[in-house]
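Please keep the sequence and the coordinates at hand while reading.

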Amino acid sequence: MQEPARPAADTLDATTGILPSQHLAQLLALGEIRTGQSLDEDQIQPASLDLRLGPVAYRVRASFLPGADFKVADKLDHFAMHRMDISAGAVLERGCVYIVPLQEALALAPERSAIGNPKSSTGRLDVFTRLITDHGAEFDRVRPSYTGPLYAEIAPRTFSVLVREGSRLSQLRIRHGGTSGDDGQLSRLTGEAHPASRIQPVSVDVRGEEPEGLIGYRAKAHAGLIDIDRRNHYAIRDFWEPVHARHDQGLVLDPGEFYILASKEAVDIPPDQAAEMVAYDTLVGEFRVHYAGFFDPGFGHAEAGGSGARAVLEVRSYEVPFVLEHGQTVGRLIYEPLTERPDQLYGVGRLQSSYQRQGLSLSKHFLKPN
């Protein structure tokens, strides 16, 4: 994709924070967000932009970062094993790593930076997805003033997936002001955050609402193919095993298995805030929680009809079995203010979502349980 031109003017307010939907639309008009095709109607979310796959994918033999001296294309010349045409659909096999150029590119102003994250539905399928930029030294971080293309690294861990040009597996947030990349990285490592942020611990529910009730799902190791763009299509039993509570015994995570669980607490994202789920300190347990961490303004909020929604947790154990206890802290929600209230909240109007008011919930690809 041709690198976009630097916009000639900046009309946005100078308030520091995450940019809401109407400001993202302004960046598109300014040329800071550039795409070769018109945006889909629902591509701009209340505080994020869905990113679309381009028409080709590269199977690579290893994950990589280009580093300060190289572009992603330079590394593809060395690491790419196979170039695939995905314009009409192609299978990304589990256990393999792919790099896909995205339809969207950026030409950010010096006062703006960005962060990437998998979409909720992507994380709930155990598809590990990260954003890469030219000359990048970190995944999912776009430095201020970045001008150039965007790429998705995609690594299906449990299910092979069918994707095509235009499929959306990841999303982008843009921050105005501050030192975005440093603040975001620091929050992940230490719990420190942007000065305007606040942090809420998140714990896990492994007790349920009734004795031996359903508390989660464990992915089947040898299930079929999932079309990433299908909704309400697949039978749960073909891909997942139910996990039920065991009274006062916690949940034993088996090494290498992938689980969908739910938070004990309800989550409420106010209209003037955005949040990101970050992993808890790994020193407290041999497990990883969360693949997809963005929560948009209005999620779980009464004004948007989402009162009582809980966070869904994507959980994978490491090398040894590990017991999760009911109420154990497994992550943190870091809230950060928006520069302005978005023109539409999560789960309202054209942004209706199957995840608003959610409890324990699989991705939108699966039929709802009776």
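Aspartate 140 is buried, with a relative accessible area of 12%, where buried means under 20% relative accessible area, exposed over 50% and partly exposed in between, for a 1.4 Å probe and protein chains only. Although aspartate 140 is not a glycine, it has a positive phi of about 65°, and its place is in the loop between β9 and β10.

Histidine 135 lies in the loop between β9 (127-133) and β10 (141-142), and this residue, also not a glycine, has a positive phi of about 60°. Histidine 135 is partly exposed, with a relative accessible area of 30%.

## Basis of the values

The model is predicted, and local features need pLDDT of at least 70, side-chain atom pairs count only at pLDDT 80 or more, while totals for chains, interfaces and linings use all residues. Residues are numbered from 1 along each chain as its sequence is written, and side-chain values use heavy atoms, with hydrogens and water left out. Helices (H or I, at least four residues) and strands (E, at least two) are DSSP runs, numbered from the N terminus.

## The buried side of helix α2

In helix α2 (residues 72-79), the buried residues are Val72, Leu76 and Phe79. They lie on the same side of α2 because they cover an arc of only 80° around the axis, the arc being that of the directions from the helix axis to the C-beta atoms.

The exposed residues Asp77 and His78 are carried by the face of α2 turned away from its buried side.
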